[in-house]
Amino acid sequence: MTRLEDYDPASHYDRVTEAWLLLLGDELHYGVFATGDEPLPVATAALTRTMIDAARLQVTPAGERPLRLLDIGCGSGAPACDLVEEFGIEVVGITTSPVGVATARDRAARRGLPGATFEQRDGTDNGFEDASFDVAWAMESAHLMRDRHALLSEAARVVRPGGRVVLCDLLRWREIPFAEVRARREDFATLRTAFGDAHFESLAYYADSLAELGLEVEVADDLTQATLATFDRWRDNAARHRDAVVDLIGASGLAAFERSCDILEAFWRDGTFGYGVVAARRPA
Amino acid sequence: MSTSATDVEQTVIGFLTTIEKLPEAFGPSTSLYAGGAGLDSLETAELSAILEDTHGADPYSAGEMPQTLAEIQAYYAANSA
């Protein structure tokens with residue numbers, strides 16, 4: 001039997017952050033592939049660009065107030081720093097992981113970006129004032145938050161009129177009957193060991209929830225096929241960085257990651273899981 | 001192992017202990033899910049498999065969704081007659 005740990009995304013994240021930087025790349029998220037042949041950094045940058053387009057970010061004109069963006073589940077801070085650098089906006093990144101906050105702050109300091117700040121906060125109860133951000137941005141973090149409705153509700157709450165909530169994440173395309181969970185429990189346990197206690201929602205769930213919160217849904221796109229080649233790149237990284245990853249998470253951790261790539265790819269191909277992006281605007 | 005209430009209780013408590021989800025005041029009427037032991041679908045699937053491996057059958061595979069230890073025990077009591 002696989003031993004299951006209590007849900008604790010922060011401790012899980014701390015344990016594997018360093019290894020993930022090697023396995024998943026510096027941006028710690030999936031890639032969007034136009035041809036399937038691109039290097040992973042090109043594809044992860046393309047996913048970030050997809051979010052940027054959905055958020056309709058623009059370079060801050062001289063003399064104008066910079067947009068304020070809340071990055072919910074900011075990872076190691078790479079996308080936040082990139083956004084500050086490219087658009088001249090202010091980004092507040094939050095994560096429940098103290099390691100994530102420290103890594104992100106170091107990154108912003110090294111790059112000389114005072115507009116990128118990071119705090120240890122919970123995306124499902126963020127504590128910021130109402131309407132205090134122009135954009136609430138959740139890049140591949142929702143699946144690690146148990147209460148997705150609270151995440152969306154809090155994101156919608158802190159967005160100003162005219163502002164947007166944008167989110168991309170892993171999705172569930174169909175209900176998985178209990179008998180199937182039971183039959184494939186070793187696969188699901190392997191995914192939990194590698195990626196933590198993840199729970200996926202449907203694209204419709206995210207879009208409908210944001211609409212119910214009073215936002216106008218502008219984007220609800222299926223990126224399943226576009227993200228499929230991510231697993232090949234992750235396997236390549238596992239082979240390239242094998243010794244370093246084993247030092248960080250052990251041989252069993254690496255084996256679970258490699259097995260997870262195969263399991264997820266199969267789920268992607270059979271229509272069980274996938275990927276998508278949603279954006280919604282609070283009416284002005 | 002038999003399907004007696006005592007043996008079934010031992011199996012369930014052993015499983016909850018292993019996954020560190022045994023509530024302090026766990027009893028026959030404690031919910032196995034939210035508000036009680038807090039089992040999720042994967043953990044419930046593992047409990048189902050352990051019950052079958054240990055006692056030869058399990059209520060989940062029979063299409064039932066017992067909410068408490070007492071309901072699991074009732075399944076075995078009803079099916080051992």
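Helices (H or I, at least four residues) and strands (E, at least two) are DSSP runs, numbered from the N terminus. The model on display is predicted: local features need pLDDT of at least 70, side-chain atom pairs count only at pLDDT 80 or more, and totals for chains, interfaces and linings use all residues. Residues are numbered from 1 along each chain as its sequence is written, chains are lettered from A and ligands numbered from 1 in the order in which they are written, and side-chain values use heavy atoms, with hydrogens and water left out.

**First stop: Arg107(A)**

Select Arg107(A), which lies in helix H4 of chain A. Arg107(A) is buried, with a relative accessible area of 7%; buried means under 20% relative accessible area, exposed over 50%, and partly exposed in between (1.4 Å probe, protein chains only). Display the side chain of Asp26(A) as well: the side chain of Arg107(A) makes a polar contact with it at 3.1 Å. A polar contact is a pair of N or O atoms within 3.5 Å; within protein, one must be able to donate a hydrogen and the other to accept it, and residues adjacent in sequence count only if both atoms are side-chain atoms. Not counting residues up to four places away in sequence, Arg107(A) also touches Ala78(A) and Cys81(A), among others (contact means heavy atoms within 4.5 Å).

**Second stop: helix H3 of chain A**

Ala78(A) and Cys81(A) are among the buried residues of H3(A), so select residues 78-87 next. Seven of the ten residues of this helix are buried. Those buried residues pack against several elements of chain A, including helix H2 (40-55) and helix H4 (98-110). Just after H3(A), Gly88(A) takes a positive phi of about 65°.

Move to the loop between helix H11 (242-269) and strand S7 (273-281) of chain A, where Thr272(A) is found. Thr272(A) is buried, with a relative accessible area of 0%. Its side chain makes a polar contact with the side chain of Arg174(A) at 2.9 Å. Select Arg172(A) too: its C-alpha atom is separated by 6.0 Å from that of Thr272(A), although the two are 100 residues apart along the chain.

**Last stop: where chain B meets chain A**

Show both chains: 20 residues of chain B are in contact with 14 residues of chain A. The count between the two chains is four salt bridges, a salt bridge being a side-chain nitrogen of Lys or Arg within 4 Å of a carboxyl oxygen of Asp or Glu. One to select joins Glu52(B) and Arg182(A) (2.9 Å, N to O). Helix H1 (5-18) and helix H2 (41-55) of chain B are the elements that give two or more residues to the side touching chain A. H2(B) gives the most, with ten residues.
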